[in-house]
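Thanks for asking for a second pair of eyes on this one. Here are my notes, in numbered points, to read beside the model.

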Amino acid sequence: MQTQSIQELTNIARHLRINIIKMVHNAGCGHFGGAFSSADMLTGLFFYKLNYRPDDPFWEDRDRFVLSSGHMSAGLYAALAKLGVFNEKELMGFRKFGTPLQGHPKFNLKYGIEMSTGSLGQGLSIGNGMALAARLKNKNYRVYSLETDGGSESGMVWEGIMTAAHYKLDNRCVLFDLNNVQIDGYMSDVMNIHPVADKFRAFNWHAIEIDGNDMQQICAALDEAAATKGRPTAIIGKTIMGKGVSIFENKPKYHGVAPTDEEFKTAMQELGVQS
Ligand SMILES: Cc1ncc(C[n+]2csc(CCOP(=O)(O)OP(=O)(O)O)c2C)c(N)n1
Ligand SMILES: [Mg+2]
């Protein structure tokens, strides 16, 4: 895949946010707050680092990506469409009965969806299984997953973290969206999991702390993760919930609601869409 400049990548992330908010607005429901906070890390992964062939999503040697936080599906679909795995027009089928783009991802390799997710906590272990399978098959592909602060309130996440370190899965990388928001409010109020990086380190992971909305830092961290041997890597990205549209930023209310028509108009303006 072509290496894109930081500016081009930032522009792709903006494009993803535009499609995310269009999808959720069109469906009248969905989750855009976390999809916005993680859009930059997802862009860095998909458009800078992932070894993937959009015209051949079944390619055996492709890097894998598991969206552990399945509710952020709009972000994944927007990225896959931008890559060209399927036509961008299909995004408007988001959450409609009978389409492949359901509210929570349903396994569908043709569409680039590597795993059904939505039940928080399962994706980290599923990714470990894929990484172990690569080792057994003597394959060089890497396995990434997007984890979240709210998702890590599921105990099984920490079992998966322990397992990946035990097996020294250096082909395993976690992108961690630390936006300090979950479904019921601020994570630090509901169930505090700080300090996140120290916890990963205590479990023998290599942990890199970055500004998860800074493309330069994201790309550098992805390179560092790929060069790290003997243990898995967690990229802990401190992000802003709803990043990119001022009225949404850092407001737990926008975890899982559609924007009103008025909010949608403001979002389009702030994201630079001419009306
Ligand atoms: C096992 C499980 N428990 C509860 C839920 C309901 N749920 C959906 S999203 C969410 C909050 C998750 O927080 P985070 O992933 O940080 O989401 P953000 O608000 O940042 O998008 C919860 C509890 C779920 N999907 N799975
Ligand atoms: Mg969160």
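**Notes on the ligand site, the cavities and the backbone**

1. Let me begin with a contact: a backbone N or O atom of Gly150 is placed 2.9 Å from an oxygen atom of ligand 1. Here a polar contact is a pair of N or O atoms within 3.5 Å; within protein, one must be able to donate a hydrogen and the other to accept it, and residues adjacent in sequence count only if both atoms are side-chain atoms. For Asn179, a polar side-chain atom lies 2.7 Å from an oxygen atom of ligand 1. Val181 has a polar backbone atom 3.0 Å from an oxygen atom of the ligand. Ligand 1 exposes 600 Å² when taken alone, and the protein buries 76% of that (accessible areas by the Shrake-Rupley method with a 1.4 Å probe; for residues, only the protein chains shown count as cover).

2. A word on the ground rules. This is a predicted model, where local features need pLDDT of at least 70 and side-chain atom pairs count only at pLDDT 80 or more, while totals for chains, interfaces and linings use all residues. Residues are numbered from 1 along each chain as its sequence is written, chains are lettered from A and ligands numbered from 1 in the order in which they are written, and side-chain values use heavy atoms, with hydrogens and water left out.

3. Which residues are closest to ligand 1? Gly118, Thr148, Asp149, Asn179 and His255 are the closest of the 15 residues that surround it, each having a heavy atom within 4 Å. This shell has four nonpolar, 10 polar and one charged residues (Ala, Val, Leu, Ile, Met, Phe, Trp, Tyr, Cys and Pro count as nonpolar, Asp, Glu, Lys and Arg as charged, and the others, Gly among them, as polar).

4. Ligand 1 sits in the largest pocket, meaning that more than half of its atoms lie within 2 Å of the pocket's grid points. On a 1 Å grid over the protein atoms alone, a pocket is an open set with protein on both sides within 12 Å along at least five of seven lines, a cavity is a set of points where a 1.4 Å probe fits but cannot get out, and lining residues have an atom within 4 Å of a point. The lining of the largest pocket counts 18 residues, with His71, Leu120, Gln182, Ile183 and His255 nearest its centre; by class, five are nonpolar, 11 polar and two charged.

5. The structure also holds two cavities of 30 Å³ or more. Phe46, Leu50, Tyr52, Asp63, Phe65, Leu80, Gly112 and Glu114 line the largest cavity, and five of these lining residues are nonpolar, one polar and two charged. Leu120 and Thr148 are among the residues lining the second largest cavity.

6. Finally, the backbone. Most residues other than glycine have a negative phi, and most peptide bonds are trans. The bond from His194 to Pro195 is cis, with omega near -5°. Asn138, not a glycine, has a positive phi of about 55°.

How values were computed:
Points joined across faces, edges and corners; volume = space filled by probe spheres on them.
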